[in-house]
Structures are given as C-alpha cells and as structure tokens.
Amino acid sequence: MSITAQLLDSVRLPGGGALVHGFALESRGDGARRALLRNGHELEVHDLHEVFAGERAPTAVFPLPWPGWDRGVHSVSPHGTFAVFSGQRAVRAVGAGGETLWEYRHGCWGPELDHPHTGDEQEVCPGLEHGSCRISDDGRFVWAHVVAQPEPDAWEERWVVLDARDGRELARMPLDSAASGSHHLSHPDGVHMGLCIGMGQDGILLHWARWDGEKLTGWDLNEGMDRILADVHAGHPGFLTVEHYGADLQLHALDGTVLAQGEPDGADDEDPPYWDYGCGFVDADTVMASTAEFDEDPEQARHWLLDARTLRTRGTVAYPTGPVHSGARPLGDGTWLTYDDKSETLNRWSRATP
C-alpha cells in the first residue's frame with residue numbers, strides 16, 4: 001500500500017543532516033525540539049519550530065570547549081541557558097556567555113594505555129572513542145557516560161548522575177563496556193533515562209535507570225540482546241529498538257519485555273533488506289522505519305509506516321517530489337524530517353490529508 005506524504009515545511013539549513021543521521025536532534029518531554037549543530041568552533045542551538053517559521057538565527061550559541069575535539073554527544077538545558085559537553089577527559093558545563101560553569105574530570109577516552117598528556121592538558125589524544133551526556137528534562141541533573149580515572153591494569157566505564165548546578169557527583173554505576181561511542185535518551189515520563197553504548201563489532205549495550213534524589217536504580221537489558229535504542233514516545237511506557245544489523249524492530253516494555261516485532265518486507269528473500277538505524281515514532285499510533293541506506297538497490301529504497309503497537313507494516317511512503325534516497329527522522333508529533341545533502345535542505349513531512 002502506498003501512503004502519500006505532504007510537504008509541510010522546507011528550509012535551507014547547513015549541517016542539518018545531523019538531525020536525520022546523527023544525534024543533533026534533542027527532544028524534550030514538553031514537546032520542544034531543538035537542533036544542536038556544530039558550526040566551526042561553536043555549537044549553535046536552533047528551535048525547530050522557529051526554523052520552519054523562517055528564523056535563521058540560532059536561539060543560543062556556545063563555544064566548543066576543546067580545540068580539536070569533535071566527538072561526544074552534548075546537551076543543552078531546557079531553557080537554553082547552559083550547555084554540557086562530553087569531552088575526552090571531562091564533562092564541562094558552559095554558560096550562555098561562554099564562561100565555564102563547572103567541570104567534572106574523568107579518565108581519558110584515548111585508547112592508548114598510560115599515554116602521556118603532554119603540553120596543554122586538554123590536548124586531544126589518539127582515538128575515536130567517546131561518551132555522551134544528557135541534561136534531564138527538568139534541568140536539575142546531568143547524566144554522563146564517562147571513563148573512570150585509570151588504575152593499573154583496569155578499565156572501567158561509569159554512568160554518573162551530576163548536579164547540574166555545580167557538577168557534583170550524586171551517584172555512579174559501573175558499566176561492563178568498552179565503548180566506541182554512546183548516546184542518551186530521556187523518557188517523556190520525566191523519570192527514566194536510557195543509555196545506549198556501541199562497541200563496534202562487539203555489539204550494543206542498553207541500560208535504563210532512574211534517580212529519585214537519593215538512590216540510583218538501574219537495570220541492563222543485555223542478556224541475549226544486541227539492540228540499538230531508537231526512540232521513545234509519551235504514548236508508550238516503553239521504548240523502540242532496532243537490531244544491531246537491522247534485522248528487525250522491537251517494541252519493549254520498560255523492563256525490556258518484547259511487546260511486538262517487525263521485520264522489513266522481503267525478509268525471507270535470499271537477499272533480504274535491513275532496517276536503517278534511524279527509526280522512531282511518527283506519533284503514538286505510527287512508527288516510521290526505512291530501508292533507504294541498507295537496500296542493495298537504491299531504486300528500491302523505501303520509507304515504511306508501521307502500526308506502533310503491533311509493528312505490522314501499513315505501507316510505504318510516496319513523496320510528491322520523487323523518491324527520497326536517504327533516511328528519515330520521525331518527530332513524534334505526526335511529522336518527520338528528511339534532508340537533501342546537495343541542496344542542504346531540511347524538509348518536514350506528514351501524511352497527506354484525504
């Protein structure tokens with residue numbers, strides 16, 4: 001079945017591809033959606049609603065703390081008054097004027113054990129590994145995936161909760177991981193935080209936790225799982241994942257119980273398609289997934305709409321402007337984003353009204 005898309009907005013936004021293919025989109029439980037885009041030595045913050053209304057200037061600009069460090073997944077406070085950056089050897093909070101508010105030092109993500117930090121102590125060391133951080137939806141806490149300070153013959157990664165006012169560590173949880181990278185996803189319930197850790201060919205680790213002000217309670221969902229944390233929605237108490245290599249999507253309860261599973265059409269073929277990593281909730285009733293990047297034949301690239309509770313396929317999206325050969329980013333409000341790299345155009349779509 002073909003489902004026609006309707007173009008709602010279109011705007012030129014250099015670097016906007018990171019909203020679709022990276023971690024530049026930061027959504028809040030109150031429905032706010034912002035683009036966190038790196039531009040030279042600065043992080044520009046754009047309110048998506050204002051961008052599509054014609055506002056080109058960012059709502060806030062923060063200087064990037066460490067020259068040469070272009071990794072880590074960062075976060076901006078709900079009111080845009082400060083940003084928190086995930087660095088190679090520290091998590092740093094920066095105010096709207098560019099001033100350092102606090103810094104939480106940790107071990108180095110660089111892969112060379114016992115390597116010296118010569119010259120500037122913030123010199124970037126070899127390696128691509130990185131952590132991530134996320135400010136809670138109420139702006140009170142910072143969750144961060146970090147490396148413990150090194151000990152002889154020991155490597156330990158940690159998930160820490162910091163006081164957003166001063167960077168003081170409130171709680172920590174040891175992690176059995178050797179990350180290449182990670183990202184956070186806060187649940188719209190305002191209580192739970194998810195952490196997805198990628199370890200390259202060694203797989204994916206997935207954790208959830210909650211902090212009640214006194215106790216950090218966490219649980220990992222990694223026994224028999226190798227799944228990427230994809231999305232959450234206020235209309236669902238759990239979360240959506242995609243298998244590490246794109247074999248299927250799964251809808252989970254918060255404890256990890258599988259509620260539904262969906263495979264791409266043609267999964268039983270000799271050369272089956274695979275889901276792309278970018279998938280999520282268009283709204284409470286609909287999930288969007290794509291086979292645009294992993295399909296062997298670009299002409300067969302598709303964006304699919306699925307029932308959000310059963311993950312059964314409803315149909316493929318037909319775009320009035322012609323096929324879209326890249327991924328899509330659902331926004332949870334009935335719309336989704338695509339990006340054209342050639343024209344640097346960000347498009348917002350919905351299903352066409354009958």
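In which loop is Glu 344 found? In this predicted model, Glu 344 is placed in the loop between β27 (335–340) and β28 (345–351), where its phi is near 55°, a positive value in a residue other than glycine. With a relative accessible area of 25%, Glu 344 is partly exposed, since that value falls between the 20% under which a residue is buried and the 50% over which it is exposed.

A positive phi is also found at Leu 311, another residue other than glycine, with a value near 60°. Leu 311 belongs to the loop between β24 (303–307) and β25 (313–318), and its relative accessibility of 3% makes it count as buried. A further loop residue, Glu 214, is placed between β16 (204–211) and β17 (216–220) and is exposed, with a relative accessible area of 75%. The C-alpha atom of Glu 214 is separated by 24 Å from that of Val 76, a residue 138 positions away along the chain.

At the level of the whole chain, the secondary structure comes to two helices and 28 strands. The radius of gyration is 20 Å, close to the 20 Å that the globule rule gives for 354 residues, so the chain is as compact as a globular protein of that length. Taken along the principal axes, the box filled by the C-alpha atoms is roughly 60 × 45 × 35 Å. Of the 354 residues, 55% count as buried, and the accessible surface comes to about 16,300 Å², with 48% of this area belonging to carbon and sulfur atoms. Among contacts with a separation of 6 or more, 46% are accounted for by residues 24 or more positions apart.

The side chain of Ser 290 makes a polar contact with the side chain of Asp 276 (2.4 Å). Beyond residues up to four places away in sequence, the neighbours touched by Ser 290 include Tyr 274, Trp 275, Asp 276 and Gly 278, as well as Arg 302, His 303, Trp 304 and Gly 327.

Charged side chains were then considered. Side chains of opposite charge can pair when their charged atoms come close. The count for the model comes to 19 salt bridges, and several of these involve Glu 26, whose relative accessible area of 4% places it among the buried residues. The side chain of Glu 26 meets that of Arg 28 in a salt bridge with an N to O distance of 3.7 Å, and Arg 28 is likewise buried, with a relative accessible area of 8%. A salt bridge also joins the side chains of Glu 26 and Arg 34, at 3.8 Å from N to O, and Arg 34 counts as buried at 7% relative accessibility. With Arg 134, Glu 26 forms a salt bridge in which the closest N and O atoms are 3.7 Å apart. Because Glu 26 lies in strand β2 (residues 25–27) and Arg 134 in strand β10 (residues 132–135), this pair ties together parts that are 108 residues apart in sequence. Both Glu 26 and Arg 134 are buried. Through shared partners, salt bridges join Glu 26, Arg 28, Arg 34, Arg 134 and Asp 137 into one network.

Technical notes: Residues are numbered from 1 along each chain as its sequence is written. This is a predicted model: local features need pLDDT of at least 70, side-chain atom pairs count only at pLDDT 80 or more; totals for chains, interfaces and linings use all residues. Side-chain values use heavy atoms; hydrogens and water are left out. A salt bridge is a side-chain nitrogen of Lys or Arg within 4 Å of a carboxyl oxygen of Asp or Glu. Buried means under 20% relative accessible area, exposed over 50%, partly exposed in between (1.4 Å probe, protein chains only). Helices (H or I, at least four residues) and strands (E, at least two) are DSSP runs, numbered from the N terminus. A polar contact is a pair of N or O atoms within 3.5 Å; within protein, one must be able to donate a hydrogen and the other to accept it, and residues adjacent in sequence count only if both atoms are side-chain atoms. Contact means heavy atoms within 4.5 Å. The radius of gyration is taken over C-alpha atoms; the globule rule is 2.2 Å times the number of residues to the power 0.38. Accessible areas come from the Shrake-Rupley method with a 1.4 Å probe; for residues, only the protein chains shown count as cover.
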